[in-house]
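Student: I have a model open and want to go through some of its packing. Can you take my questions as they come?

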Amino acid sequence: MHGTAPRFWSVKTFTYESLNNIARLINGLSALLLTILPGKANILEGVQGWELRPTFHGPRCPRWMENGVSSFNRFIHELSVDSDTSSIDYSSAEDDLDGIYPTSPSSHGSRISRTSPCINHDWHWTDWMAYIFSWILLPARFLLGIPFLLFRRGSRASSDPGSPRPRNFHSFMKVHTSKDHVVRRTTDRRRGVIEDLHLAIEIFIEAIFDKFHKAVHCVLSPSAAFGIIVRWFSSPSAGVTDIDDDVLNASVPTATLGDNDPAPRERNLTLHHALNTDARTCQDVITELGYPYEAVHVITADGYVLLLERIPRRDAREAVYLQHGIMDSSMGWVSNGVVGSPAFAAFDQGYDVFLGNFRGLVSREHVDKNISSRQYWRYSLNEHGTEDIPAMIEKIHEVKTAELKISQPDEETNDEQPYTLCAISHSLGGAAMLMYVITCRIEEKPHRLSRLVLLSPAGFHDDTIFVFIVAEYLFLLLAPFLAFFVPAFYIPTRFFRMLLNKLARDFHNYPAVGGLVQTLVSYGFGGDSSNWVGVLALPHYNMNDMPGLSLRVCHHLAQIKRTRKFRMYDYGSTSANMEVYGSPELLDLGEYYSHIDIPVDLVAGRKDQVIRPSMIKKHYKLMKDAGVDVSYNEFEYAHLDFTFSHHEELLAYVMSRLLLVEPALKRQSSQKALKLKKEG
């Protein structure tokens, strides 16, 4: 019976080592290529674990991502296999990091289960003799087994039919194993493709050997085989169905610390969501770090449903509104955790923090639930600046005004706006914010902002890299044709979004491979050294949803680059422009910078190749010539470093600019004094 055990573990060891060797080979070749690529040989300096001995340790993502739920099919937790760590020979004290990244409880059990079978199934010569005699005595075993089977069936029939029938040992062990893994699965880390592949191979091998083991058991134990056949015909409703129901609805004893009666209580859990990736939201990140959270759904004038998220200070008279850039979400403002994220830094300084999200999700949130993909993605930068931002800022005004009247009724709130609101925007969000302020001033509407901090804002793209030059001509030439087939750019299926999420994790597990991908992407963006691989690992790129990029937004940016002017979207004909704008001439926003009546702080990155410092200086020059109160500063950052990377100097600078805004009560007092002075 135990003859298959050594072969089973030999096959598992062989496949495990083969997969590990392939991973080492890929990692080694990647490291070799990195040494050959010009100017990138030092990319692995200081990266932990870049040696040609990769281990399945936790990827070096933002700290709050380390405790993510496993992305592998939760069916894995029904089996007593885990490959969370590689063999002991490849581990080192440097890779353990037990004090910082504690291993999951299943890791230790995995090591024991991987080594113990080699001891338990080390066959002695007596085992071989017993194995041979079992075949010789097979006919006798068969004849003696028939009376025993009949006796067992008779004793079972004579037992009390009303008493509960005990489940077989296999069912009990399977349920117990399921419970054990359900209890500890919350500490498992999200896995990448390599680890998933390794676990899938282990499951496949175990399933094959399990079937083979049962077949051999039936051959060597005819009485057992005969009993199984009899049970099949006598109780068709029992067996596998009962076992599956028990496993899928396992009851787990739980207790809450601090209860008056801390006795464990049964809590039913259900295993579901196969192949679930780390799909935590901005809400999960904020609440896990102990901050308050509030979500406000905003409906734009054209029916798009936006998510305005908030870290609330309801009695604060100073608020800050953060708006993300292209292919990003509010997750970017909290991605560095408590230390290093602009959203948390502003909240800690006493601000009421609002995080805006543009339209453009794969889930297509709209009041019209039956809206087609082509209709949903039919928007340009115009809609970001004239629909999305106005709707969110008006909602902020509505919420803040109502809350301050309730929380501070004794204070003077005769002013139309009893609070100050500053905006921090990145990339495309900066261009949309400028469009919003200028169009509000032209239409003589209040924009409700007190200061703008624009981090590498879009708007001018004359000086750009070769990739964007090629993209400009492609979009200008093919946009009318592509609009019928490709309304937006995003990963279309849940499977490929899941695959991207897992591959990004593998790039962290294997630093040489991740470094090579990072280098190639950096070359594609003209040498921009942003953490491109790290951004792909953020959970807003998950199998259920992700930010997309509208074709019209790309076409609009191509128009801006071609004309060298920050203009509204050109619909392609005089009649179409006349219908939308009421004029055949497009509004040149750069010519209306004189309408900006609030201070503006422009920040550029010297390593930014997506929006180069020369383009930020063009904004600065036009604003300075128009008499705007504007400042300009540069940092040694790439394009994504403004949100994703942790830089204390940037946070200190941004917070210092926000502190320049006059408090709301002081502003009201000065305005009242000025009014009385004029009347006197």
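Student: Which residues of α21 are buried?
Tutor: Pro613, Met615, Ile616, His619 and Met623 are the buried ones in α21, where buried means under 20% relative accessible area, exposed over 50% and partly exposed in between, with a 1.4 Å probe and protein chains only. This is a predicted model, with local features needing pLDDT of at least 70, side-chain atom pairs counting only at pLDDT 80 or more, and totals for chains, interfaces and linings using all residues. Residues are numbered from 1 along each chain as its sequence is written, and side-chain values use heavy atoms, without hydrogens and water.

Student: What do they pack against?
Tutor: The buried residues of α21 pack against α14 (428–442), β11 (600–605) and β12 (630–635); contact means heavy atoms within 4.5 Å. Helices (H or I, at least four residues) and strands (E, at least two) are DSSP runs numbered from the N terminus.

Student: And what follows α21?
Tutor: Gly627 follows, with a positive phi near 85°.

Student: Switching to rings. How many aromatic pairs are there?
Tutor: The count is 19. Rings of Phe, Tyr and Trp (its six-membered ring) pair if their centres lie within 6.5 Å; planes under 30 degrees apart are stacked, over 60 edge-to-face and the rest tilted. For Phe468 and Phe525, the centres are 6.2 Å apart and the planes at 70°, so that pair is edge-to-face.

Student: Where do those two sit?
Tutor: Phe468 is in helix α15 (residues 466–482) and Phe525 in the loop between α17 (511–524) and α18 (532–536), so the pair ties together parts 57 residues apart in sequence.

Student: Which residues form a ring cluster?
Tutor: Ring pairs link Tyr304, Tyr376, Trp377, Tyr379 and Tyr490 into a cluster.
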